[in-house]
Amino acid sequence: MSKKLPLIGAALLLATSAAWAQSQGVSKDEIVLGSIQDLSGPLAGFGKQIRLGLMLRVDEVNEQGGINGRKLRLLVEDSGYDPKRAVLAAQKLVNQDKIFAMVGHLGTAQNMAAMPVQFQKNVINFFPVTAAREMYEPFHKLKYSFAATYYDQMRLSLPQLVKEKGAKKVCTMYQDDEFGLEVVRGAKEGLKSIGMEMAEETSFKRGATDFASQMQKLASSQCDFVVLGTIIRETIGGIATARKLGFNPTFMGSSAAYTDLIHKLGGPAMNGLYATMTVQNPYLDDASQPIRFWANKYKTKFNEDPTVFSVYGYNIIDTFAKAASKAGPNLTTDGFIKVMDTMTIPPDIFGSAQATFGPQKRLGSNISRMSQITDGKWKVVTDYAKN
């Protein structure tokens with residue numbers, strides 16, 4: 001009898017080891033998460049803000065005792081917004097640091113490059129910070145996306161604003177790449193739903209700084225509504241140029257233009273701009289007391305104002321923690337997926353839409369709402385546009 005006991009013990013040990021082996025990054029007392037951000041390239045401002053948002057919620061979770069007795073450990077690598085560096089960062093985090101999940105990775109091309117490295121080792125790509133359809137299509141069980149796509153943002157919100165403004169000639173200026181084209185595709189689909197077509201189109205190469213010829217073209221076509229497939233500098237440059245020409249149509253951008261940098265850098269000329277968005281920019285003096293409290297907590301901790309990207313980071317960890325907690329003390333990738341596929345994520349203090357996932361559904365919500373810059377601040381002006 002006594003000879004059999006060591007064998008039973010060994011079998012149990014092997015079974016336990018096999019369970020742990022299923023999901024790297026989970027030990028007796030911690031869960032290791034990885035994130036890849038741009039900390040030194042063109043979107044370093046966003047990358048830093050996402051990182052601080054992630055850290056704020058990680059610290060809160062750990063102060064409250066962790067998840068089923070395990071503390072979260074967050075490791076952040078810099079991609080410089082370069083897909084090649086994103087691959088190297090993913091290799092380090094997945095193979096060397098042995099992360100359980102990749103959280104809040106910034107950038108479309110960067111995620112596309114890194115995902116194969118993760119999927120080889122059964123590492124989830126959790127809530128990347130990009131509104132590209134590739135973050136949930138084609139279907140892969142390890143993909144989870146939270147961002148309403150640029151395509152759906154325009155398809156659902158544009159018709160609403162065009163009708164409200166009584167616009168007759170809808171035109172577009174867009175960045176000549178996959179991002180800009182997705183905005184335009186969604187806009188055209190939205191216009192089709194109300195029996196309209198895009199009246200005029202003009203584009204620019206990524207990195208352009210002069211938008212005079214584009215705005216002159218739209219002005220001479222007498223466009224009264226302009227869809228902007230632009231990010232920060234091009235949004236500011238395009239609108240400022242139009243104002244100088246005395247060309248004042250309704251301007252509408254996507255969530256890529258929904259950042260406090262637009263009004264901080266662009267000044268009063270940006271007043272009137274509309275953009276699709278989901279979570280609110282957390283101003284320190286926000287009318288909402290919970291947002292005000294959160295924003296001031298962030299400011300106290302990091303000595304800088306929070307932004308919408310800080311909120312993305314915070315919410316990503318918040319949702320991860322809820323799902324990991326529900327998955328129970330024996331956290332595995334399969335167990336986490338099972339919970340995510342049955343969980344409803346309710347709206348939060350920042351106004352995010354309810355999100356749900358399923359065995360074949362990898363985008364939490366495809367709806368967005370609209371904000372407008374009024375008196376130098378973003379103000380929410382519509383509720384969520386329904387399908």
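Start with the spot where helix α3 meets helix α4: P83, A86, V87, A90, Q91 and V94 on the α3 side touch A109, Q110, A113, A114, V117 and Q118 on the α4 side. By class, that contact holds 9 nonpolar and 3 polar residues, with no charged ones. Keep in mind as you look around that this is a predicted model. Helix α3 covers residues 83-96, and its axis sits 8 Å from that of α4, at an angle of about 30°. The two helices make a right-handed crossing.

Helix α4 (residues 108-120) lies across β3, β4 and β5, and its direction is at about 145° to β4. Those strands belong to an open sheet of 5 strands, in the order β2-β1-β3-β4-β5, with parallel pairing. The edge positions go to β2 (71-78) and β5 (143-144); each has a single partner strand, so one side of each has no neighbour in the sheet.

Two backbone details turn up in loops around here. N68 has a phi near 50°, which is a positive value in a residue other than glycine, and you'll find N68 in the loop between α2 and β2. The other detail is a cis peptide bond between E137 and P138, with omega at about -10°. P138 is located in the loop between β4 and β5.

Helix α10 (residues 289-302) packs with α2 at an angle of about 100°, and their axes are 11 Å apart. The two helices are therefore roughly perpendicular to each other. On the α2 side, the residues involved are Q49, L52, G53, M55, L56, D59 and E60, and they meet W294, K297, Y298, K301 and F302 of α10. The class breakdown for this contact is 6 nonpolar, 2 polar and 4 charged residues.

Now move along to another helix pair, α5 and α6. Helix α5 spans residues 150-165 and helix α6 spans residues 178-192; they pack at about 45°, with 7 Å between their axes. That angle makes α5 and α6 oblique to each other, and α5 passes α6 in a right-handed crossing. From α5, the contact draws on Y150, Y151, M154, R155, L158, P159 and V162, while α6 brings F179, E182, V183, R185, G186, A187, E189, G190 and L191. Sort these contact residues by class and you get 10 nonpolar, 2 polar and 4 charged.

One place to look is I373, which stands opposite W378 of β14.

What about disulfides? A search of the whole structure turns up 1. The partners are C171 and C223, whose sulfur atoms are 2.1 Å apart. The torsion about their S-S bond is about -85°, so this disulfide is left-handed. C171 lies in strand β6 (residues 170-175), while C223 is in the loop between α7 (212-220) and β8 (225-229), so the pair ties together parts that are 52 residues apart in sequence.

Definitions and conventions
Residues numbered from 1 in each chain as written. Predicted model: local features only at pLDDT ≥ 70, side-chain atom pairs only at ≥ 80, totals over all residues. Heavy atoms only, no water. Axes fitted to C-alpha atoms, helices over the stretch in contact; angles between N-to-C directions. Helix = DSSP H or I, 4+ residues; strand = E, 2+ residues; numbered from the N terminus. Parallel < 35°, antiparallel > 145°, perpendicular 65-115°, else oblique. Left-handed = near helix turned anticlockwise from the far one by under 90°. Contact = heavy atoms within 4.5 Å. Nonpolar A, V, L, I, M, F, W, Y, C, P; charged D, E, K, R; others polar. Pairing = 2+ DSSP bridges. Disulfide = S-S within 2.5 Å.
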